[in-house]
Amino acid sequence: MDLSGKHLVLGLTGGIACYKAAELCRALIREGATVQVVMTAAAEQFITPVTMQALSNRPVFTSQWDARDVNNMPHINLGREADAILIAPCSADFMARLVQGAADDLLSLMCLARPIAKVPLLLAPAMNREMWAHPATQRNLAQLRRDGTAILGVANGDQACGETGDGRMLEPADLVQDVIAFFRPKLLAGHQVLVTAGPTYEAIDPVRGITNLSSGKMGFAVARAAQEAGARVTLVAGPVSLATPRGVSRIDVRSAQDMYAATLEHVAGASIFIATAAVADWRPANAAEHKIKKDGSGASPQLRFIENPDILAAVAGLDRAKSGELLCVGFAAESQDLLANAQAKRIRKNIPLLVGNIGPAAFGKDDNALLLVTADGVRELERASKLELARELIAACAKFERANARHSGVPA
Ligand code: CTP
């Protein structure tokens, strides 16, 4: 549970997206957060405090004159105990009032009265596309950012009014991912990370090919963990059907050759390269132009193979990698003798950090166990979710970067 121990004020303002706030409240609680709901009068037109109280398991506050607190100051008390205030949905009007420092209802009063350095404010705007695009809203948005407010979204798509465009509130699952990322330490701020993930597919003919059991889950988790740590992330993904982690730029490829080309094209600005992909070592020498047919004789087609380029070796051979400007991290999917194979592979690939795992125990699963192998030692990461392991790996990469001693040192 990624929000364990976090106490959030969830503010609702007037907008049809209030119906999504119910699901958001549940999703935040599912991640371990405690949620105190505060609603404006306009929000009460769209969803009732009864619903939000039932879902949050706490009385909802709607008025600055609410006398339940003994000192009669809910605007002070509620803000002081929160780790963050999340306003979802945040209307155009509420944005404008935040910019002005208005304080004529409980939620705006609480935002103004919060200790600004200790209680961050996160907004998930929701409005019609014309309202969003209006210069007034865009001015307010820029000012809110200057004031240190985090803006989550907006999404593009169908709107309740029947129009299509920017201004939708992010889906609850996306908002939860953004809130989780907000609280993660920014260990890789300013870094660019390039990740390869998933299997590759090597065509035999237009309808058949050779692939492997990699699901891409580990690589996608690594991309998410790097993004959460503040890096700009490019993910070169083989054929998998996984959702792109929030804020990650994704390039879909099919074959090892496509992955090789895409990786070399995007490695230029990267400071860290993490090769999690299970790249096919060989491809059919000549993919048939048309489907290979049985000829009735019972003879099977004779396939010849040629070796694919080694993407990791190519990147590790770049001058920037050799001079230590580009940290290269490899993965080894083995079926036996993990430690010895991983150590040998790290030396053969000439990289500072190699991550070993047992392929059959990892492929397709949501959890894994890893060995981090460096020149100076081995660190075992016990079986855990791939996201947890990915976060540990990213922390180890950050430590490498900080130490700037990329060819030695046991990761943290
Ligand atoms: N890798 C790569 N390009 C390839 C093959 C592998 O970039 N053509 C990368 C993988 O993404 C991984 C690492 O190299 O980070 C090791 O992959 P693995 O398949 O375990 O090792 P191989 O080099 O293929 O060695 P072997 O098949 O002998 O185990």
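Helix H4 (92-100), strand S4 (121-125), helix H6 (129-133) and strand S5 (150-151) are among the elements that cover the buried residues of H7. Covering here rests on contact, meaning heavy atoms within 4.5 Å. Buried means under 20% relative accessible area, exposed means over 50%, and partly exposed lies in between (1.4 Å probe, protein chains only). Helices (H or I, at least four residues) and strands (E, at least two) are DSSP runs, numbered from the N terminus.

This is a predicted model, in which local features need pLDDT of at least 70 and side-chain atom pairs count only at pLDDT 80 or more, while totals for chains, interfaces and linings use all residues. Residues are numbered from 1 along each chain as its sequence is written, and side-chain values use heavy atoms, with hydrogens and water left out.

Stay with H7. Its buried residues are Thr-137, Asn-140, Leu-141 and Leu-144. Seen down the axis of H7, these buried residues fall within an arc of 105°, so they line one face of the helix. The arc is taken from the directions that run from the helix axis to the C-beta atoms. Arg-139 and Arg-146 are exposed on the other side of H7.

Just after H7 comes Gly-148, with a positive phi of about 90°.

Now turn to H9. This helix also has 12 residues, and it reaches 16 Å from its first C-alpha to its last, close to the 16 Å expected. How many residues of H9 are buried? The count is 10 of the 12, so H9 is largely enclosed by the rest of the structure. The buried residues of H9 include Met-218, Phe-220, Val-222, Arg-224 and Glu-228. Gly-230 follows H9, and its phi is positive, near 100°.

Helix H9 (217-228), helix H11 (311-316), strand S16 (327-334) and helix H13 (338-349) each supply at least two residues of its lining. A pocket is found on a 1 Å grid over the protein atoms alone: it is an open set of points where a 1.4 Å probe fits, with protein on both sides within 12 Å along at least five of seven lines, and lining residues have an atom within 4 Å of a point. The largest pocket holds about 900 Å³ of space. That volume is the space filled by probe spheres set on the points, with grid points joined across faces, edges and corners.

Which residues lie nearest the centre of the largest pocket? They are Ala-277, Ala-278, Val-279, Asp-281 and Phe-331, out of 37 lining residues. By class, the lining has 16 nonpolar, 13 polar and eight charged residues. Ala, Val, Leu, Ile, Met, Phe, Trp, Tyr, Cys and Pro count as nonpolar, Asp, Glu, Lys and Arg as charged, and the others, Gly among them, as polar.

Next, some details of the backbone. The peptide bond from Ala-88 to Pro-89 is cis, with omega near 0°. Pro-89 sits in strand S3 (residues 84-90). Another cis peptide bond joins Gly-153 and Val-154, with omega about 10°. Val-154 is in the loop between S5 and strand S6 (155-158).

Two asparagines come next. Asn-72 is not a glycine, yet its phi is positive, near 60°. Asn-72 lies in the loop between H2 and helix H3 (74-80), and it is partly exposed, with a relative accessible area of 38%. Asn-350 has a positive phi of about 55°. Its place is the loop between H13 and strand S17 (353-358). Is Asn-350 buried or exposed? Asn-350 is exposed, at 57% relative accessible area.

Leu-55 belongs to helix H2 (residues 49-56). At 23% relative accessibility, Leu-55 counts as partly exposed. Leaving aside neighbours within four places in sequence, Leu-55 is in contact with Ala-22, Cys-25, Arg-26 and Ile-29.

Finally, step back to the whole chain. The chain has 15 helices and 19 strands. Its C-alpha trace spans about 85 × 55 × 40 Å along the principal axes. Buried residues make up 49% of the 412 residues. Of the contacts with a separation of 6 or more, 67% join residues 24 or more positions apart.

How values were computed:
Expected span 1.5 Å × (residues − 1).
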